[in-house]
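Could you take a look at this one with me?

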Amino acid sequence: MKKNDIYVIYGADANSMVKRMLENIEIEDEIPQNALIGIKPNLAVSKPASHGATTHVELIEGIIEHLNSKGFYNIVILEGSWIGDSTSRAFKTCGYELISKKYNVPLYDLQKDNFSTYAVEDLKINVCNKVMELDFLINVPVLKGHCQTGITCALKNLKGCIPDIEKRRFHSLGLHKPIALLNKIIKTDLVIVDGICGDLDFEEGGNPVQMNRIISGLDPVLIDSYAAQLLGFNINEIPYITLAEKAGIGISNFKKSNIIELNKDTCKKNIISSRKAERLTKYIEEKNACSACYGSLIHALHRLNQKGKLLPCTEKLYIGQGFKNIIADGIGIGNCTKRCNQYVPGCPPNAKDIIDFIIKNSS
């Protein structure tokens, strides 16, 4: 796997998807024998993954099974939930206690860990000790929105590796700069993004959008740049991405990356009901849409609504395989709708491209 590679796989079975992805990227070649491997999910809150906030336990199970099959057994799972919730409760609620016992993989509650102070540029940052003992870190964030930073993915997921007192201080520092510099202290060796379903705009979940994909890469800056576009943001709208690039952690120009799609999405949409998503569907004419394409459209409409630019969109938006070879008067979303008056190409298109297209053609 090369530094500029981004692997994508579509589907709903997180366990089999991640194992297929790991077989393709052959990450075991990069892991030293007898390495202490840490898996860092996102368990910010004690809610099931279906709420759109936490990493699917099936994905973590698939990672462990793959590593075991390659002879790696020195594995730990580490997390520190957000202030006001309990990591131990999140481990139990999200099913991590069960896989810990099944595979003999210890769970480390970083809210209870000691920490040390590290100087980076003009900041001093406290980091939990267990994280710094690792030989290889697999960062497994959720692809989702965030009410303060716009998105949360690979770079921000490492905020779970600092003590609660430091999490409070990060907010006083404005989040973006300390998040970027934290990634200079803690090196991510592999990112595996849980993009099965993530919340529209809130780290705690509650308005999940089905995206049915897993994304992987070596560069957390590149992965977050790709994730930002998927959720409908310009990279410069997420300051910690560009700050991390300036700090030498990675590159942000994902257009120069090598995107490798291992399959095409064939899962039909099954959006979990939420008020926000339901309000956005009134603009959509859907026939047999795949989940990844439909999810991108929901994210795009939500961002347009946040920008105050949704109301001018008076034309119907057509999406789905049911519109193949059908001429329609409106805007099509995805390659299946290319017989519409206008359409956004892609299989699936990302939310940023949909937003740009709708703004340009609704003015």
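1. First, some ground rules. This is a predicted model, where local features need pLDDT of at least 70, side-chain atom pairs count only at pLDDT 80 or more, and totals for chains, interfaces and linings use all residues. Residues are numbered from 1 along each chain as its sequence is written, and side-chain values use heavy atoms, with hydrogens and water left out.

2. Start with helix H9 (residues 220-230) and helix H10 (residues 239-246), which pack at about 155° with their axes 10 Å apart. H9 and H10 are therefore roughly antiparallel (angles over 145 degrees count as such).

3. Who touches whom here? H9 brings Val221, Asp224, Ser225 and Ala228, while H10 brings Tyr240, Ile241, Ala244 and Glu245 (contact means heavy atoms within 4.5 Å). By type, the residues of this contact of H9 with H10 are 5 nonpolar, 1 polar and 2 charged.

4. Now look at the largest pocket, with a volume of about 260 Å³. A pocket here is an open set of points on a 1 Å grid where a 1.4 Å probe fits, with protein on both sides within 12 Å along at least five of seven lines; lining residues have an atom within 4 Å of a point. Its lining has 21 residues, and Ala44, Trp82, Lys156, Lys159 and Glu203 lie nearest the centre. Helix H6 (154-157) and helix H7 (164-172) each give two or more residues to this lining, which divides into 7 nonpolar, 8 polar and 6 charged.

5. The second largest pocket holds about 210 Å³ of space. Of its 18 lining residues, Asp265, Cys290, Gln321, Cys336 and Cys347 lie nearest the centre.

Note on methods:
Axes fitted to C-alpha atoms, helices over the stretch in contact; angles between N-to-C directions. Helix = DSSP H or I, 4+ residues; strand = E, 2+ residues; numbered from the N terminus. Parallel < 35°, antiparallel > 145°, perpendicular 65-115°, else oblique. Nonpolar A, V, L, I, M, F, W, Y, C, P; charged D, E, K, R; others polar. Points joined across faces, edges and corners; volume = space filled by probe spheres on them.
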